[in-house]
Amino acid sequence: QAKQEGKHTYRFYSESIESTGYTLIEMETKLHKALERNEFILHYQPQVNLETGEVCGIEALIRWNHPQMGFVSPADFIPLAEETGLIIPIGKWVLSTACRQNKELQDKGLPPIVVSVNLSAIQFYQHDLVEVVDGVLKESGLDPRYLELEITESMTMDVSRTIKILNGLKKLGVKISIDDFGTGYSSLAYLKKFPIDKLKIDQSFVAELLKDSNDATIVQTIIAMAKNMGLRVNAEGVETKEQFLLLQQHFCNEVQGYLLCKPLPLDSLLEKLPEVRLTLEKLGVLQSLNE
Ligand code: C2E
Ligand code: MG
Ligand code: MG
Ligand code: MG
């Protein structure tokens with residue numbers, strides 16, 4: 001069906017958008033209004049440091065709560081936002097909300113943690129990205145070291161531009177991570193030239209960690225490579241105790257996943273944060289920590 005819409009041929013016309021009963025054009029109109037109607041909310045997923053057992057960061061994940069459709073997955077509307085250019089104002093809203101809310105957590109007296117924000121390719125190559133990030137940081141009063149920006153390998157294909165943009169961002173004092181690492185085609189030769197701080201191992205490798213020896217090898221290799229390059233490494237999508245223990249054995253720095261906590265709205269996160277360590281204790285995975 002998407003093919004018959006001529007100019008409005010989208011790369012993604014996912015079944016879940018189709019199942020809303022709305023056409024793409026109607027969805028586009030709704031997405032246009034979503035910002036001013038306050039239909040977006042950020043959920044946050046804790047990231048746990050495997051060396052200390054403490055929550056070291058939270059990843060901001062956008063949710064669209066539409067009055068008729070209910071929650072629309074970012075996997076469905078982010079591609080639409082990218083196609084229409086709406087990702088620019090939406091992305092800026094995510095950045096400023098994440099910085100403001102992280103500052104609020106610190107002002108409540110919580111130990112400072114890093115908030116990580118996903119950037120889309122279009123946002124990354126926007127001419128004024130560095131100024132936007134700088135402005136958002138100043139407006140929120142958040143110390144730049146507590147903001148991390150997640151990019152993906154597919155965004156780094158233009159190597160010289162990537163290095164320029166990343167240098168600009170690093171000058172602000174923010175952290176950079178490569179999300180979904182291992183699924184793209186980034187050249188290892190260039191990886192070492194990028195001023196980045198962290199690799200996030202894609203969850204597809206973690207999912208099969210105990211079942212597929214190739215995935216186990218890939219995970220081990222990414223961790224070893226990150227260490228040798230002086231980068232931190234995060235494993236996403238950790239759902240079982242066995243995955244957690246294996247990652248800990250291989251000296252992965254941090255994990256996030258449903259095992260510890262699913263993404264939550266800010267107030268639920270505040271209630272849940274103290275329980276994350278208890279969850280680890282109950283699982284019996286903290287003994288191996290050198291206290
Ligand atoms: P991502 O950045 O790789 O985020 C991780 C996704 O894995 C999230 O899905 C999260 O809810 C999910 N997840 C976390 N733990 C587990 C687990 O243990 N098991 C499984 N199966 N899944 C887990 P979500 O929130 O639906 O987001 C999907 C993608 O949408 C994100 O992938 C990211 O690429 C994009 N996205 C989300 N928020 C934003 C945003 O604010 N801006 C941009 N540009 N993209 C975003
Ligand atoms: Mg991410
Ligand atoms: Mg991503
Ligand atoms: Mg990811």
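Let's start at Phe251, which is found in the loop between α11 and β9. Helices here are DSSP runs of H or I with at least four residues, strands are E runs with at least two, and both are numbered from the N terminus. The model you are looking at is predicted, with local features needing pLDDT of at least 70, side-chain atom pairs counting only at pLDDT 80 or more, and totals for chains, interfaces and linings using all residues. Residues are numbered from 1 along each chain as its sequence is written, chains are lettered from A and ligands numbered from 1 in the order in which they are written, and side-chain values use heavy atoms, with hydrogens and water left out.

Back to Phe251: its phi is positive, about 65°, although Phe251 is not a glycine. As background, most residues other than glycine have a negative phi. Phe251 is also exposed, because its relative accessible area is 59%; exposed means over 50%, buried under 20%, and partly exposed in between, using a 1.4 Å probe and protein chains only.

Asn253 lies in the loop between α11 (241-249) and β9 (254-255). Is Asn253 buried or exposed? Asn253 counts as buried because its relative accessibility is 5%. Its side chain reaches the backbone nitrogen of Val233 at 2.9 Å.

Another loop to visit is the one between α2 (24-34) and β1 (40-49), where you will find Asn38. Asn38 is not a glycine, yet it has a positive phi of about 55°. With a relative accessible area of 65%, Asn38 is exposed.

Now let's turn to the ligand. Ligand 1 sits in the largest pocket. A pocket is found on a 1 Å grid over the protein atoms alone, as an open set of points with protein on both sides within 12 Å along at least five of seven lines; a molecule sits in it if more than half of its atoms lie within 2 Å of its grid points. The elements that give two or more residues to the shell around ligand 1 are β2 (55-66), α3 (74-84) and β6 (175-181). Of these, β2 gives the most, with four residues.

Which residues come nearest to ligand 1? Of the 22 around it, they are Arg63, Asn118, Gln203, Glu239 and Tyr258; a residue belongs here if one of its heavy atoms lies within 4 Å of the ligand. By class, the shell has nine nonpolar, six polar and seven charged residues.

For Arg63 the distance to a ligand oxygen is 2.8 Å, for Glu59 it is 3.0 Å, and for Asn118 it is 2.8 Å. Taken alone, ligand 1 exposes 810 Å², and the protein buries 81% of that; these areas come from the Shrake-Rupley method with a 1.4 Å probe.

Two of the elements around the ligand deserve a further look. In strand β2 you will find His66, which is buried, with a relative accessible area of 5%. The side chain of His66 reaches the backbone nitrogen of Gln68 at 3.0 Å.

As for α3, a side-chain oxygen of Ser73 comes to within 3.1 Å of the backbone nitrogen of Ala75 at the helix start. Buried residues in α3 include Asp76, Phe77, Pro79, Leu80, Ala81 and Glu82. Just after α3, Gly85 takes a positive phi of about 85°.

Key: A polar contact is a pair of N or O atoms within 3.5 Å; within protein, one must be able to donate a hydrogen and the other to accept it, and residues adjacent in sequence count only if both atoms are side-chain atoms. On a 1 Å grid over the protein atoms alone, a cavity is a set of points where a 1.4 Å probe fits but cannot get out, and a pocket is an open set with protein on both sides within 12 Å along at least five of seven lines; lining residues have an atom within 4 Å of a point. Ala, Val, Leu, Ile, Met, Phe, Trp, Tyr, Cys and Pro count as nonpolar, Asp, Glu, Lys and Arg as charged, and the others, Gly among them, as polar.
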